[in-house]
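Thanks for coming. Please have the sequence and the 3D view open while I talk.

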Amino acid sequence: MAVKVNKKLLYLLFFLFVMGLTIYTMLQGNDVGEILIAISSMNVGYLFLAILAALIFVVLEAVIIWYLMHGLGETNSMLQCIAYSFIGYFYSSITPSALGGQPMQLYYMRKDGNSLSNSSVILMILALFSKLVLALIGIVLLVFWYAPLTYYLKSFMALYYLGLALNIISVAVLLAAMFVPGIVRQITQSIDGFLIRIHILKLSKERQLKIESFIEGYHGAVNFLMLNKTKILVVFILTFLQRNCLYILTYFVYKGFSLSGTSMVTVVLLQAAIYVAVEMMPLPGAQGITELMYYTVFQGVFTSALLTPSLMVTRGLDFYFLVIISLIVVVAKSFLLKKDVKSIKIEKKRII
């Protein structure tokens, strides 16, 4: 347990270091007073819409989790699913390439009594559709919006190609894990064998039976969802809407500064292009590279005086604001979990 705590602390410290460096870079050469005055002059209505878009982004993932869980026979409340969504967001934000989010979601799902196989399938579907929607958006932009894309992205087109390629590879890997039974069995047995060789686990027939039971349950859940194509369509639509919440947030910021001249479609597509390029980057929350790319992409959209203030508000809402709320949810969920464990121990002592 101590190792896990230290690892989480290390991730958090690295996240804070990158955040501090990013904010310092953003503010360097800018008058902080002028930035604050510009931000305070924002239209309150559009600021509210931007905040709402950020929150809906997380809540829509919770809706997808709830929808899939109930489809697979789990009985989680919407409140629990919202907690899973925020937990995933927090740990994805503080770990490189967002690798920590789903393992922690799985941990809390299991603690709430959900089956390992169902929870694993749900999280894999979430990851698959999130990457799939982003990859499809990236391909559509490249095919049908190539000229504006190269005009606004400039030297970042190489990063865009890299980000798109990584997303496509991720989709291929996730599809293979879902539809090729041997891959899941091989990975699971390899991990178990490795842990036995380094003497962390002992050879156990009971554990082997549990692994086989997990694999059967996993593929049973996959097959159930594939037979219910309506659910897959609903998940795709919800994921598409979820993704676009963050893209349209930037347009609300644009209008909040009383700017005009650039269409909503252009602002939304440019923000989508940034996400395609940076999401797979090995930095917590893609900090630093996202801000740098924003400066280049949106310099022709926002005035020079409002470029930095718009970046502060956009990133403040679509990332840091959500990280703070997610941290509160993680702390609250952890506290409730410890409280439940303590209550169970007390109850056991009473029975004894």
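Asp-318 and Arg-315 are both buried, where buried means under 20% relative accessible area, exposed over 50%, and partly exposed in between, using a 1.4 Å probe and protein chains only. Before going on, a word on the source: this is a predicted model, in which local features need pLDDT of at least 70, side-chain atom pairs count only at pLDDT 80 or more, and totals for chains, interfaces and linings use all residues. Residues are numbered from 1 along each chain as its sequence is written, and side-chain values use heavy atoms, with hydrogens and water left out.

Back to the pair. Asp-318 and Arg-315 form a salt bridge, with the closest N and O atoms 3.8 Å apart; a salt bridge here is a side-chain nitrogen of Lys or Arg within 4 Å of a carboxyl oxygen of Asp or Glu. The two residues sit three residues apart in helix 14, about one turn of the helix. Helices are DSSP runs of H or I of at least four residues, numbered from the N terminus.

Arg-315 also meets Glu-291 in a salt bridge, at 2.7 Å from N to O. That pair links distant parts of the chain, since Arg-315 is in helix 14 and Glu-291 in helix 13, 24 residues apart. Glu-291 and Arg-315 are both buried.

How many salt bridges does the rule give? The count is five. Another of them joins Glu-279 to Lys-131, with the closest N and O atoms 3.4 Å apart. Glu-279 lies in the loop between helix 12 (264-278) and helix 13, and Lys-131 in helix 6 (residues 116-144), so this pair ties together parts 148 residues apart in sequence. Lys-131 is buried, with a relative accessible area of 15%.

Next, the cavity. A cavity is a set of points on a 1 Å grid over the protein atoms alone where a 1.4 Å probe fits but cannot get out, and lining residues have an atom within 4 Å of a point. The structure holds one cavity of 30 Å³ or more. Its lining consists of Gln-271, Thr-290, Tyr-294, Leu-311, Thr-314, Arg-315 and Asp-318. So the pair I opened with turns up again in this lining. Helix 14 (304-351) and helix 13 (289-297) each supply at least two lining residues, and helix 14 gives the most, with four.

Last, the cysteines. There are zero disulfides, taking a disulfide as a pair of cysteine sulfur atoms within 2.5 Å. Cys-81 is buried at 0% relative accessible area, and Cys-245 is buried at 11%.

Definitions and conventions:
1 Å grid on protein atoms, 1.4 Å probe; cavity = no way out; pocket = protein on both sides within 12 Å on 5 of 7 lines; lining within 4 Å. Points joined across faces, edges and corners; volume = space filled by probe spheres on them.
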